[in-house]
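Hello,

Here is the structure I promised to pass on, with my notes on it below. Please look through the model first and then read on.

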Amino acid sequence: MSKIYYFSAPWCGPCKQLAPTMERSGLPFQKVNVDEDQTLSAKYGIRNVPTLVKVDASGNEVSRLVGNNPLDKIQSWYNG
């Protein structure tokens, strides 16, 4: 089962805009504050927020999506 790490920051405008979209998405995700969890952010080489990283059951990156994207694009990316 894949899940999404949703890398975000409280000071980031696009992150705030993406939050309700992620809540409505119905996708399995874990929100990660890049300021508080620098270890996980470094592990996945996060350079921009918001960034969605799809990982497999072992935590290996499958793909990523950067920026504030619409729900249909996020769902298509996740299911693709």
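Setting aside neighbours within four places in sequence, Tyr5 is in contact with Gln30, Val32, Leu40, Tyr44, Thr51, Leu52, Val53 and Val55. Please keep in mind that this is a predicted model.

Tyr5 also belongs to the largest nonpolar core, which has 23 residues. Tyr5, Phe7, Tyr44, Leu52 and Ile74 are those with the most contacts inside this core. Two or more residues of the core come from each of strand S1 (3–8), H1, strand S3 (51–55) and H3.

**Helices H1 and H3**

Two packed helices are described by the angle between their axes and the distance between the axes. For helix H1 (residues 13–25) and helix H3 (residues 71–79), the axes come within 10 Å and cross at roughly 55 degrees. H1 is therefore oblique to H3. The crossing of the two helices, H1 and H3, is right-handed.

Which residues meet where H1 and H3 are in contact? From H1 these are Leu18, Thr21, Met22 and Ser25, and from H3 they are Leu71, Ile74 and Gln75. By type, the residues of this contact are four nonpolar, three polar and no charged.

**Thr21**

Apart from neighbours within four places in sequence, Thr21 is in contact with Asn69, Pro70, Leu71 and Ile74. Of these, Leu71 and Ile74 are among the H3 residues listed above for the contact with H1.

Regards

Note on methods. Residues are numbered from 1 along each chain as its sequence is written. This is a predicted model: local features need pLDDT of at least 70, side-chain atom pairs count only at pLDDT 80 or more; totals for chains, interfaces and linings use all residues. Side-chain values use heavy atoms; hydrogens and water are left out. Axes are lines fitted to C-alpha atoms, for helices over the stretch in contact, and angles run from 0 to 180 degrees between N-to-C directions. Helices (H or I, at least four residues) and strands (E, at least two) are DSSP runs, numbered from the N terminus. Angles under 35 degrees count as roughly parallel, over 145 as roughly antiparallel, 65 to 115 as roughly perpendicular and the rest as oblique. A crossing is left-handed if the near helix is turned anticlockwise from the far one by less than a right angle, and right-handed if clockwise. Contact means heavy atoms within 4.5 Å. Ala, Val, Leu, Ile, Met, Phe, Trp, Tyr, Cys and Pro count as nonpolar, Asp, Glu, Lys and Arg as charged, and the others, Gly among them, as polar. A nonpolar core is a set of buried Ala, Val, Leu, Ile, Met, Phe, Trp, Tyr and Cys residues joined through side-chain atoms within 4.5 Å. Buried means under 20% relative accessible area, exposed over 50%, partly exposed in between (1.4 Å probe, protein chains only).
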